[in-house]
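I opened my notebook for a friendly walk through this model. Here is what I looked up, entry by entry.

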Amino acid sequence: MNERTLANELGAVEQNILLRIQDFDDPRQEWRRLFSELYGTFLLVIVAAGGGMMSQAFPGVISRTSAVVAPGLMVLGIILFMGKISGAHLNPAVSLAFALRGDFPWRRVPGYIVVQLIGATLACLLLQAVIGVSATFGSNYPAANYPAVAAFWMEALLTLALVSVILGTASGAQNIGLLGAFAVGGYIALAGLWGSPISGTSMNPARTFGPDLVGGNFSHYWVYVAGPLAGAAAAVGIAFILRGAGGGKSGSEAAQGALFTEAAQEKEA
């Protein structure tokens, strides 16, 4: 093989790689983001709902501490391995918060929420089939001696802090890159350690939707929709007070991933 032939072949390989990268960055490849959100939410709910279901199947094996710390560790891992694809929202309240903040296009919100709900449902269907106990044991409900409104306020408070951490670690000078995964995962574990006895520490309408749908019990689901949404909206307001409108280029990239960051590119133009 002469030098010209080798150069031509290397040039063809390089061109092929560039075309693949361009195709991956194409905004029409939205399905990659949607699959990422579905898969990430699936993994989160496997751990979050799985703790309660495994505790029912094997009494005394999994402690409350283990059950509430595990989702935080799972979220940490998910953000690290797929955050650049979709932003790793994994939560309708987070998607809505990013949109309210101006860091995420509103037209993408419905698709994200739908696949998050699907991912959570698939996780609970698998858990129920494998473990052999009702998915209701993996859901969230107000404590026996507490009214639903108390659980609502607890969910709102916990989500307020969660979304504040998410928006804060994805905005301008406060952006701390990959360490944001540790901040978010650590907060989820911390919130579960002190907040779970009253509400179960969902902070995520999708996380509770999956086991409620598969288990056929939506008796208190409103708490786990209204609470997180109220907390997320309040967090956006606080973020505006602290940092002004929008999270800037870094906020857009954190919310949308690196496939095609619309808001970031618009600000750069």
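In which helix does F81 lie? I found F81 in helix 3 (residues 64–86); helices here are DSSP runs of H or I with at least four residues, numbered from the N terminus.

A note to myself on the ground rules. This is a predicted model, where local features need pLDDT of at least 70, side-chain atom pairs count only at pLDDT 80 or more, and totals for chains, interfaces and linings use all residues. Residues are numbered from 1 along each chain as its sequence is written, and side-chain values use heavy atoms, with hydrogens and water left out.

I looked up the cover of F81 next: F81 counts as partly exposed because its relative accessibility is 46%, and partly exposed lies between buried (under 20% relative accessible area) and exposed (over 50%), with a 1.4 Å probe and protein chains only. Helix 2 (residues 30–57) gives the largest share of the patch, 3 residues.

**Nonpolar core.** Which residues touch the most other members of the largest nonpolar core? I noted I78, L162 and M203, in a core of 43 residues. Such a core is a set of buried Ala, Val, Leu, Ile, Met, Phe, Trp, Tyr and Cys residues joined through side-chain atoms within 4.5 Å. Helix 5 supplies the largest share of this core, 7 residues. Beyond four places in sequence, I78 touches G40, L43, L44, G83, A88 and L90, where contact means heavy atoms within 4.5 Å.

Is T208 buried or exposed? T208 is buried, since its relative accessible area is 0%. I placed T208 in helix 8 (residues 205–215). The T208 side chain makes a polar contact with the side chain of S202 at 2.7 Å. T169 sits in the loop between helix 6 (148–168) and helix 7 (179–199). With a relative accessible area of 15%, T169 is buried too. I also logged a polar atom of the T169 side chain 3.3 Å from the backbone oxygen of I166.

Definitions and conventions:
Helix = DSSP H or I, 4+ residues; strand = E, 2+ residues; numbered from the N terminus. Polar contact = N/O pair within 3.5 Å; in protein donor to acceptor, adjacent residues only side chain to side chain.
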